[in-house]
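Biologist: I would like to learn how to read salt bridges in a model. Could you walk me through them?

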Amino acid sequence: MNTQELRTKIKELAKEYARALKEEQAAKPKTYVPASGKNIGEEELVNMMDASLDMWLTAGRFNDEFEKEFAAKLGVPFALTTTSGSSANLLALTALTSPKLGEKRLKKGDEVIAVAAGFPTTVNPIMQNGLIPVFVDCEVGTYNIDVSKIEQALSPKTRAIFLAHTLGNMFDMDKIMALAQKHNLWVIEDSCDALGAKWNGKYAGTTGHIGTFSFYPAHHITMGEGGAVITKDAQLYRILMSYRDWGRDCWCKPGTDNTCKNRFNMQLGNLPFGYDHKYTYSHIGYNLKISDWQAAVGLAQLKKLDRFLEMRREHAEILLNGLKKWEKYLILPHVSEKCAPSWFGFLISVKDEAPFTKQQLVEYLEENGIGTRQLFAGNLLRQPMVTMADFELRIGNGPLKKANKLTEEDYKQLPVTDFIMLHTFWVGTAQNLTDEDVQKTVQTISKFIEQHERK
């Protein structure tokens, strides 16, 4: 057989293997309902084998196709893959410090609006770029920023808003963009947990200046590791690409040269005229590109996104309907009429007056085979990454403070954030779960509450 025939044979065997593996796994008894997880099959394995047989390894044809299809799906002109959602966030904020943006660039000491209830890498790039995070409290129910408190937290140094859509339930895009326009602020939408969510019919990540996404296995689609940034701004796209690709000024893809037809006819920096543009660097950048193998998995997953989103919405509906009878003890998610969530997970808060605590409920669920998760860092300002650090921050309209000098009085400025830390957790809605799994979650929570009501 020639190489093409062998490739076809290998791909057919990969399909056969995937089907056999699926049957094998289905025969095993299920003892645990995970809070998140991936759903991959023969299409992903075939693409992995196809990419492996190319022996190209770095970003290539599958990556090109994924970036094109991902941008088209979200309705934006530009998408770039990255090594993770965290590196997508790092790229997004770092891009706004580029000298190419002139007076619009972020400079050391500028302030960025953030929240402390979320994942660390939505906030870390602020400190990593020498900027000052300004923490605003959240609201119970959506678990997003309390937009009514943003304006009072602004100062003449505030230059950007960098927030995550919490577990696929979007923050108020109308009010955020109105504030941004009024005060000339950049907006980064961390949509790592919100791929496929919509506000007024527009996808998460597409209204702000830059949107970021994660393809870790817990997310709406996966590459194993991986992420992406999107933008509608051609200049930002070039800057993002530069920071992602070592900081180079050249935009040629790997394996191609002289796309601009001007490779040896430029004079940049203090380099001699004609110095090879392929080796000219305009930013202090990184190497945050993915492999074509990852993109191959992502491309197969992207074709399944709509079905995965449908499954997550069906699972959230089961949880909402099944737990409504316990609203005297539990706070269930609140969703704006303008938002169609993508349900990364289902957040539940235990009220103060409940005859049990969040900790008791979480431990019972875990002991009975139901996976749970915290809202990530809870209150980030109480984490050792902050209490042992000496960077500066502000809380609301308060003064600048050293991170490692915060007191209980400071934490009291974020009462809802502390409430989330103490009272809130989430359970799974992902596409690796069945309706029966989600019904089991409802039944287990109900059984726990019934036991405590009888006490």
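Biologist: Are R244 and E67 buried or exposed?

Modeller: R244 is buried, and E67 is buried too. Buried means under 20% relative accessible area, exposed over 50%, and partly exposed in between (1.4 Å probe, protein chains only). Keep in mind that this is a predicted model, where local features need pLDDT of at least 70, side-chain atom pairs count only at pLDDT 80 or more, and totals for chains, interfaces and linings use all residues. Residues are numbered from 1 along each chain as its sequence is written, and side-chain values use heavy atoms, with hydrogens and water left out.

Biologist: What do the side chains of R244 and E67 form?

Modeller: Side chains of opposite charge can pair when their charged atoms come close. Here R244 and E67 meet in a salt bridge, 3.2 Å from N to O. The term requires a side-chain nitrogen of Lys or Arg within 4 Å of a carboxyl oxygen of Asp or Glu.

Biologist: How many salt bridges are there in the whole structure?

Modeller: The search finds 28. One of them joins D437 and K30, with the closest N and O atoms 2.5 Å apart. D437 sits in helix α14 (residues 435-454) and K30 in the loop between α1 (3-27) and α2 (42-54), 407 residues apart. Helices are DSSP runs (H or I, at least four residues), numbered from the N terminus.

How values were computed
Helices (H or I, at least four residues) and strands (E, at least two) are DSSP runs, numbered from the N terminus.
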